[in-house]
Amino acid sequence: MSEFTRPGDWPRATEAEFGPPRRGEFRAAPEDFVVEEILGFAPEGQGEHLWLWIEKRGLTTLEAVRHLARACGVPVRAVGYSGMKDRIAVTRQWLSVHLPGQSAPDDLAARLADCGVNVHEQVRHPRKLKRGVHRANRFQLRLSGEAIGDDLEARWAWLCRRGVPNLFGPQRFGPAGRNLARARALLARGWRKRDDREGMLLSAARSYLFNELTAMRLIDGNWRRLVAGDVVILDGSASQFSVVVVDAELSERADRLDLHPSGVLWGTGDSLASGQALEYERALAERHADLCQGLEQAGVRMARRALRMRLGQPRLESAEGVAQLDFHLPRGSFATAVLRELIDHPTLTLPVEG
């Protein structure tokens, strides 16, 4: 079993095949990073909640939520959203606001436009928009720099065939990893909801542990291959099952990205893994006992996440030193995890001390 890398300096899957990637640039302007939420269903057209299809620039999702609540004269808790979208980007997503028996302000779109939120559609629905209900996100990214060329195209083709390590992106950990440092301090003294109302710090700690586990399996070369005792997740679904013995059929299904090995999102409860897969989790718990014990004491429930993600509908076009990427990712997966396999850029690493 592998040793851990320096905290935050997680390995790349493509590096063994192609060596380190070359320097590249992205997000030179918000239009270079476009994210569009794919809901997977349509609002019904009636109900107590007004759903809005919005486009924002230079705002976090929570900032857009606060603007909508203020414009409608309701508390922030009356506003719903499915996913957190990037600030330095052009992002399109749904928000909902609870307006039972009342209409939205006539100038709602104008008020939001003044705050940098453009409303493209308004439709009613019986229920509040809940976290994590969207199916996927579509990304349209523009890259430049010395990385553009045959090397990037070869790495891209490899990722399309083999999949991408499903690492949490550096934005999950805050600028310079400060959310992780705050999480360590909070868990050390005992997590309380009043200190972490959105659960952001709990999420940072769990995400970091998942990335550390994925790094171990990247080093050992089995992040996309099944090992004895793995819990596998079917591609495009939440269905999962445990594997005692890895046979030829299961290996072939993993090779064609029909299913993926999973890693633990730490919390209370017994792991579904066994054998070699469980040994990785035990090594993680020994290495990061403070975070694991803090999460258990906080009462968060153990869960699973696929170690690998498939690029949906991938397309790459390049000309005159600029590459345009277009792809879908499952909800909860990060485009920055794809980018770090293709280019070298300082914002794609996590500068923290473990």
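The model is predicted, so local features need pLDDT of at least 70 and side-chain atom pairs count only at pLDDT 80 or more, while totals for chains, interfaces and linings use all residues. Residues are numbered from 1 along each chain as its sequence is written, and side-chain values use heavy atoms, with hydrogens and water left out.

**Helices**

Helices (H or I, at least four residues) and strands (E, at least two) are DSSP runs, numbered from the N terminus. The expected span of a helix is 1.5 Å times one less than its number of residues. Here are two helices set against that rule.

| Helix | Residues | Length | Expected span | Span in the model |
|---|---|---|---|---|
| α8 | 275-287 | 13 residues | 18 Å | 19 Å |

Burial comes next: buried means under 20% relative accessible area, exposed over 50%, and partly exposed in between (1.4 Å probe, protein chains only). In α5, the buried residues are Asn179, Leu180, Ala183, Arg184, Leu186 and Leu187. Their cover includes α6 and α9. Just past the end of α5, Gly190 has a positive phi of about 105°.

In α8, Ala277, Leu278, Tyr280, Glu281, Ala283 and Leu284 are buried. The elements covering them include α6 (200-220), β11 (259-265), α9 (289-298) and β12 (303-306). An α-helix has 3.6 residues a turn, so residues three or four places apart point the same way.

Thr336 sits in helix α10 (residues 335-342) and is buried, with a relative accessible area of 4%. Contact means heavy atoms within 4.5 Å. Leaving aside residues up to four places away in sequence, Thr336 touches Arg27, Gly169, Pro170, Gln171 and Leu348.

**Strands around β15**

Two strands pair if DSSP finds at least two bridges between them. Strand β15 (residues 322-330) runs antiparallel to β14 (residues 312-319), joined by 6 bridges. Within this pairing, Ser318 has Ala323 as its bridge partner, and Glu317 stands opposite Gln324. The two strands form a hairpin with 2 residues between them, and Glu320 in the turn has a positive phi of about 55°.

β15 also pairs with strand β7 (residues 136-144), again antiparallel, through 9 bridges. There, Asn137 stands opposite Leu329.

**Cavities and pockets**

On a 1 Å grid over the protein atoms alone, a cavity is a set of points where a 1.4 Å probe fits but cannot get out, and a pocket is an open set with protein on both sides within 12 Å along at least five of seven lines; lining residues have an atom within 4 Å of a point. Grid points are joined across faces, edges and corners, and a volume is the space filled by probe spheres set on the points.

This rule gives 2 cavities of 30 Å³ or more. The second largest cavity holds about 40 Å³. Its lining consists of Leu213, Arg217, Asp230, Ser262, Gly263, Ala277, Tyr280, Glu281, Arg304 and Leu307. Helix α8 gives the largest share of that lining, 3 residues, and α6, β11 and α8 each supply at least two.

The second largest pocket has a volume of about 190 Å³. Residues lining this pocket include Pro11, Arg12, Trp158, Leu218, Trp223 and Arg225.
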